[in-house]
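User: I have a model open and want to go through it with you. Can you take my questions one at a time?
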Amino acid sequence: MYAVEAAVRFYARKRGADEEVWGLAGLLHDLDWEKHPDVHPMKGIEALREGGYPDEVIQAILAHRPEYTEVEPSSDLDRALFACDEISGLIHAACLMRPTGIDDIKPKSVVKKLKDKAFAAGVDREQVARGIELIGLERNEHIQNVIDGMREVGEVLGIRGEDIRKD
Ligand SMILES: [Fe+2]
Ligand SMILES: [Fe+2]
């Protein structure tokens, strides 16, 4: 969730959007995933509505699972959240395999892992492809942006070279 938040924040800055609002969508989108995977994200949405969270955050969280909620990504935030979600998981996993972690990882090595279907098999490759379409950038450019966003919280994610070499 921190990884997705960081990547979505990166796009908020790039697009001149409200970084705090966008960051919330990234941070909270999987709020109910562990406890209520079957109805995800509807339980989380309920709590966020009660909490008075902004409509655009709620909308983006609904739109990150359109096949279930039937809410398709439409706003810039919806697109950014969708595009950053799965790929950040793959980048996180890829960083853990490298002695230098996120310090110097390049889109090229992420793409290699993306094509290796056995690697981080839980990452839905179709969702990744759809996200790239939604964000409207070249695949490598998008991956670089997500890396840059995630690098800012590399320490929290434990994926800097010095964190990985310690383990
Ligand atoms: Fe989710
Ligand atoms: Fe997610």
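User: Is Phe-10 buried or exposed?

Analyst: Phe-10 counts as buried, at 17% relative accessibility. Buried means under 20% relative accessible area, exposed over 50% and partly exposed in between, with a 1.4 Å probe and protein chains only. Before we go on: this is a predicted model, in which local features need pLDDT of at least 70 and side-chain atom pairs count only at pLDDT 80 or more, while totals for chains, interfaces and linings use all residues. Residues are numbered from 1 along each chain as its sequence is written, chains are lettered from A and ligands numbered from 1 in the order in which they are written, and side-chain values use heavy atoms, with hydrogens and water left out.

User: Which residue forms an aromatic pair with Phe-10?

Analyst: Tyr-11, in an edge-to-face pair with 6.1 Å centre to centre and 85 degrees between the planes. Rings of Phe, Tyr and Trp (its six-membered ring) pair if their centres lie within 6.5 Å; planes under 30 degrees apart count as stacked, over 60 as edge-to-face and the rest as tilted. Tyr-11 is buried, with a relative accessible area of 0%. A search of the whole structure finds one aromatic pair.

User: Switching to the metal. What are the protein donors of the iron ion (ligand 1)?

Analyst: Asp-30 (OD), His-40 (NE2) and His-64 (NE2), at 2.1 to 2.3 Å from the ion. Donors are N, O and S atoms within 2.8 Å of the metal (3.2 Å for Na, K and Ca); water is not among the atoms, so sites may look incomplete. The spacing of the donor residues in sequence is D-x9-H-x23-H.

User: Where do His-40 and His-64 lie?

Analyst: His-40 is in the loop between helix H2 (19–28) and helix H3 (42–50), and His-64 is in the loop between helix H4 (55–63) and helix H5 (66–69), so the pair ties together parts 24 residues apart in sequence. Helices (H or I, at least four residues) and strands (E, at least two) are DSSP runs, numbered from the N terminus. Both His-40 and His-64 are buried.

User: And what does Asp-30 bridge?

Analyst: Asp-30 bridges the iron ion (ligand 1) and the iron ion (ligand 2), which lie 3.9 Å apart.

User: What joins His-40 and Pro-41?

Analyst: A cis peptide bond, with omega about 5 degrees. Most peptide bonds are trans. Pro-41 is in the loop between H2 and H3.

User: At what angle do H3 and H4 pack?

Analyst: About 180 degrees, with their axes 10 Å apart. Axes are lines fitted to C-alpha atoms, for helices over the stretch in contact, and angles run from 0 to 180 degrees between N-to-C directions. That makes H3 roughly antiparallel to H4. Angles under 35 degrees count as roughly parallel, over 145 as roughly antiparallel, 65 to 115 as roughly perpendicular and the rest as oblique.

User: Which residues in H3 and H4 meet?

Analyst: Met-42, Ile-45, Leu-48 and Arg-49 in H3 meet Ile-58, Ile-61 and Leu-62 in H4.

User: Last one. Is Glu-70 buried or exposed?

Analyst: Glu-70 is exposed, with a relative accessible area of 70%. Glu-70 sits in the loop between H5 and helix H6 (76–96). Its phi is positive, about 60 degrees, although Glu-70 is not a glycine.

Definitions and conventions: Contact means heavy atoms within 4.5 Å.
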